[in-house]
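Please open the model in your viewer and keep the selection tool at hand.

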Amino acid sequence: MDAPLRQIAEDLWVADRPFRALPFLDIGTRMSVVRVPDGGLVLHSPVAADEPTRKAVEALGPVRAIACPN
C-alpha cells in the first residue's frame with residue numbers, strides 16, 4: 001500500500017484518492033495538510049479518514065481547522 005500522505009514541501013502534505021464523477025470519468029481528489037506556525041494542522045478538502053490516513057495526520061500534529069470547499 002502507498003503511504004497515506006505524501007510530503008510535497010516543508011509543512012505540506014497531500015493525500016490522493018480515486019474519485020469517479022460519472023461512470024466513465026475518473027478525476028481523483030486530493031486532501032492537503034498544512035502545518036501552521038503554532039504546529040497545528042489545517043486540512044483542506046478532506047478525504048475519508050481511514051485508519052492509516054488518520055494515524056498519519058495525528059503523527060504530524062493536532063488538527064486546528066478543516067476547510068471543506070464544495
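A contact here means heavy atoms within 4.5 Å. By that rule, of the contacts in the protein chain with a separation of 6 or more, 25% are between residues 24 or more positions apart. This is a predicted model, in which local features need pLDDT of at least 70 and side-chain atom pairs count only at pLDDT 80 or more, while totals for chains, interfaces and linings use all residues. Residues are numbered from 1 along each chain as its sequence is written, and side-chain values use heavy atoms, with hydrogens and water left out.

**Whole chain.** Select the protein chain and colour it by secondary structure, where helices (H or I, at least four residues) and strands (E, at least two) are DSSP runs numbered from the N terminus. The C-alpha atoms fill a box of roughly 45 × 30 × 20 Å along the principal axes. Of the 70 residues, 24% are buried, where buried means under 20% relative accessible area, exposed over 50%, and partly exposed in between (1.4 Å probe, protein chains only).

**Strands β1 and β2.** Next, select Asp16 and Arg6, whose side chains meet in a salt bridge (2.8 Å, N to O), that is, a side-chain nitrogen of Lys or Arg within 4 Å of a carboxyl oxygen of Asp or Glu. Because Asp16 lies in strand β2 (residues 12-17) and Arg6 in strand β1 (residues 6-9), the pair ties together parts that are 10 residues apart in sequence. Asp16 is partly exposed at 37% relative accessibility, and Arg6 is partly exposed at 41%.

Which residue does the side chain of Asp11 meet in a salt bridge? Select Arg35, which pairs with Asp11 at 3.1 Å, N to O. Asp11 sits in the loop between β1 and β2 and Arg35 in strand β5 (residues 29-35), so this pair ties together parts that are 24 residues apart in sequence. Both are partly exposed, Asp11 with a relative accessible area of 27% and Arg35 with 26%.

**Helix α1.** Move to residues 51-60 and select Glu58 and Arg54, which both lie in this helix, 4 residues apart, about one turn. Their side chains meet in a salt bridge (2.7 Å, N to O), and a network of salt bridges links Glu51, Arg54, Lys55 and Glu58.

**Last stop.** Finally, select Phe24, in the loop between β3 (20-22) and β4 (25-26), which is exposed with a relative accessible area of 65%.
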